[in-house]
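Have a look at the sequence and the model first.

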Amino acid sequence: MRPQIPTDVPTVDIRKPNAARMYDYYLGGAHNFEPDRALATQVGLVAPFVRDVAHINRAWLRRVLDFLLSQGIRQFLDLGSGIPTVGNVHEVVQRDDPAARVVYVDYEPVAVHHSFELLRDNDNAAIAWPTSATLGPCWHTPRWPG
């Protein structure tokens, strides 16, 4: 499942802050730039708990993944994934089972671009960039009974 480079992702402007890279910064990751860190610092002045919330969210993700792994689940779909960094799905599940498969999905070009670069050498993880054409069928799927 080698990731294919998304050919229609716009050029990423690293001079503009980006929410996915700010989240990476809050988690202590390395996939962020000075504009991301500057805005994240400003947000932290207004909401000093933001870094703690990011870490709490990541800890919850680890607990959920550990449970799913204990139930034999080995394929994962992460919708609205952002940048898969610092303890994200593929890192957690492939530590337990290197053959576990993960597909990340995000609509945001910056997240898709960075995800592709991070996952380039991982045969069991990929990024998908949905378009309105590929998302359409999902929205028209019949509801589950009950």
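## A tucked-away serine

Ser81 counts as buried because its relative accessibility is 12%, and the cut-off for buried is anything under 20%. Keep in mind that you're looking at a predicted model here, so to speak a computed picture of the chain.

Where does Ser81 sit? You'll find Ser81 in the loop between strand 1 and helix 4. And what does Ser81 touch, once you skip its neighbours within four places in sequence? Its contacts are Asn88, Tyr104, Val105, Asp106 and Ile127.

## A valine in the loop

Val86 is also worth a look: it lies in the loop between strand 1 (75–79) and helix 4 (89–96). Is Val86 buried or partly exposed? Val86 comes out as partly exposed, because its relative accessibility is 27%.

The backbone of Val86 has something to show as well. Its phi angle is near 45 degrees, which is a positive value in a residue other than glycine.

## Zooming out to the chain

Read from the N terminus, they come in the order α-α-α-β-α-β-α-β-α.

Of the chain's 146 residues, 38% count as buried. Take the contacts between residues at least 6 apart in sequence: 60% of them join residues at least 24 apart.

Note on methods. Residues numbered from 1 in each chain as written. Predicted model: local features only at pLDDT ≥ 70, side-chain atom pairs only at ≥ 80, totals over all residues. Heavy atoms only, no water. Helix = DSSP H or I, 4+ residues; strand = E, 2+ residues; numbered from the N terminus. Buried < 20%, exposed > 50% of the residue type's maximum accessible area, 1.4 Å probe, protein only. Contact = heavy atoms within 4.5 Å.
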